[in-house]
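Me: I've got a model open and I'd like to learn how to read it feature by feature. Can you walk me through it?

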Amino acid sequence: MTTSIKTRILDRIDHAILDELQKNGRISNVNLAKAVNLSPSPCLDRVKKLESEGYIEGYTARLNAEKLGQQLVAHVEITLKSSTESVFDTFKQHVLEIPHVVACDMVAGGFDYLLKIRVSDMHQYREVLGQIVEIPGVGTNHTYMVIEHVKQDVGVTILPKS
């Protein structure tokens, strides 16, 4: 099933607004307007339009995982026993219920899913991995423990409009 999403072409100001909001979602409209060289009213109108059109999905805070006791990160490759729609659906339903799985992507290649797990220690990691391998249809798994975060995901790259 293919869905077509109609989008308008964003201009330089829209890109600038998205870039500024992604850097600081708490910026005031007045400061945002100054940053993108607009007056506050048209700036607010543009932000509301970008929100209503789905370009802005929401606003969040970045939390310090280490201060919150979740400093251990692992990436886990999962290969399912078969590639049927019901096995995929079962896996997805179960993964959504495991809070320590902070990201899950279906991938093409040598395995089916890549999970990112954030936990406090190896004991908790083993508990979470135990939950994952018990999901019906899971075949094999391979874990890669993160030693150092070299570059964090800071969002979508907003390229300047030429």
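Me: Let's start with charges. Which side chain does glutamate 53 meet in a salt bridge?

Reply: Keep in mind that this is a predicted model. To call a salt bridge, you look for a side-chain nitrogen of Lys or Arg within 4 Å of a carboxyl oxygen of Asp or Glu. Here the side chain of glutamate 53 meets that of arginine 8, at 2.6 Å from N to O. Glutamate 53 sits in the loop between H3 and S1 and arginine 8 in the segment before H1, so the pair ties together parts 45 residues apart in sequence. Glutamate 53 is partly exposed at 36% relative accessible area, and arginine 8 is partly exposed too, at 27%.

Me: How many salt bridges does a search of the whole structure find?

Reply: Six. Another one joins aspartate 11 to arginine 46, with the closest N and O atoms 2.9 Å apart. That pair also links distant parts of the chain: aspartate 11 is in the segment before H1 and arginine 46 is in helix H3, 35 residues apart. For a local case, take lysine 92 and aspartate 89, whose side chains meet at 3.9 Å, N to O. Both lie in helix H4, three residues apart, which is about one turn of the helix. Then look at shared partners: Arg8, Asp11, Asp14, Arg46 and Glu53 are joined into one network by their salt bridges.

Me: What about a charged residue without a partner? How far is aspartate 112 from the nearest side chain of opposite charge?

Reply: That one deserves a look. Aspartate 112 is buried yet has no salt bridge, and the nearest side chain of opposite charge, lysine 92, is 11 Å away. Aspartate 112 is found in the loop between strand S2 (101–106) and strand S3 (113–119). Setting aside neighbours within four places in sequence, aspartate 112 contacts Ile78, Thr79, Leu80, Phe88, Asp105, Met106 and Val107.

Me: Now the sheet. In what order do the strands come?

Reply: The general idea first. Strands of a sheet pair through backbone hydrogen bonds, either parallel or antiparallel. In this model, four strands make an open sheet in the order S2-S3-S1-S4, with antiparallel pairing. S2 and strand S4 (138–145) are at the edges with a single partner strand each, so one side of each has no neighbour in the sheet. From one strand to the next, the twist averages 20 degrees.

Me: Over how many bridges do S2 and S3 pair?

Reply: Five, in the antiparallel sense. Check a couple of positions yourself: cysteine 104 has leucine 115 in S3 as its bridge partner, and valine 101 stands opposite isoleucine 117 in S3. S2 and S3 form a hairpin with six residues between them, and glycine 109 in the turn has a positive phi of about 135 degrees. S1 and S3 pair over seven bridges, again antiparallel, and there alanine 74 stands opposite isoleucine 117.

Me: Is S3 enclosed or open to the outside?

Reply: Count the buried residues. Five of the seven residues of S3 are buried, so S3 is largely enclosed by the rest of the structure.

Me: Which strands does helix H5 touch?

Reply: Helix H5 (residues 122–133) packs on the sheet and touches S1, S2, S3 and S4, with its direction at about 155 degrees to that of S4.

Me: How do I read backbone angles? What is phi of asparagine 37?

Reply: Look for positive values outside glycine. Phi of asparagine 37 is near 60 degrees, positive in a residue other than glycine. Asparagine 37 lies in the loop between helix H2 (29–35) and helix H3 (40–52), and at 67% relative accessibility counts as exposed.

Me: Last one, cysteines. How many disulfides does the count come to?

Reply: Look for pairs of cysteine sulfur atoms within 2.5 Å. The count comes to zero disulfides. Cysteine 43 is buried at 0% relative accessibility, whereas cysteine 104 is partly exposed at 31%.

Conventions. Residues are numbered from 1 along each chain as its sequence is written. This is a predicted model: local features need pLDDT of at least 70, side-chain atom pairs count only at pLDDT 80 or more; totals for chains, interfaces and linings use all residues. Side-chain values use heavy atoms; hydrogens and water are left out. Helices (H or I, at least four residues) and strands (E, at least two) are DSSP runs, numbered from the N terminus. Buried means under 20% relative accessible area, exposed over 50%, partly exposed in between (1.4 Å probe, protein chains only). Lys and Arg count as positive and Asp and Glu as negative; His and the chain ends are not counted. Contact means heavy atoms within 4.5 Å. Two strands pair if DSSP finds at least two bridges between them. Axes are lines fitted to C-alpha atoms, for helices over the stretch in contact, and angles run from 0 to 180 degrees between N-to-C directions.
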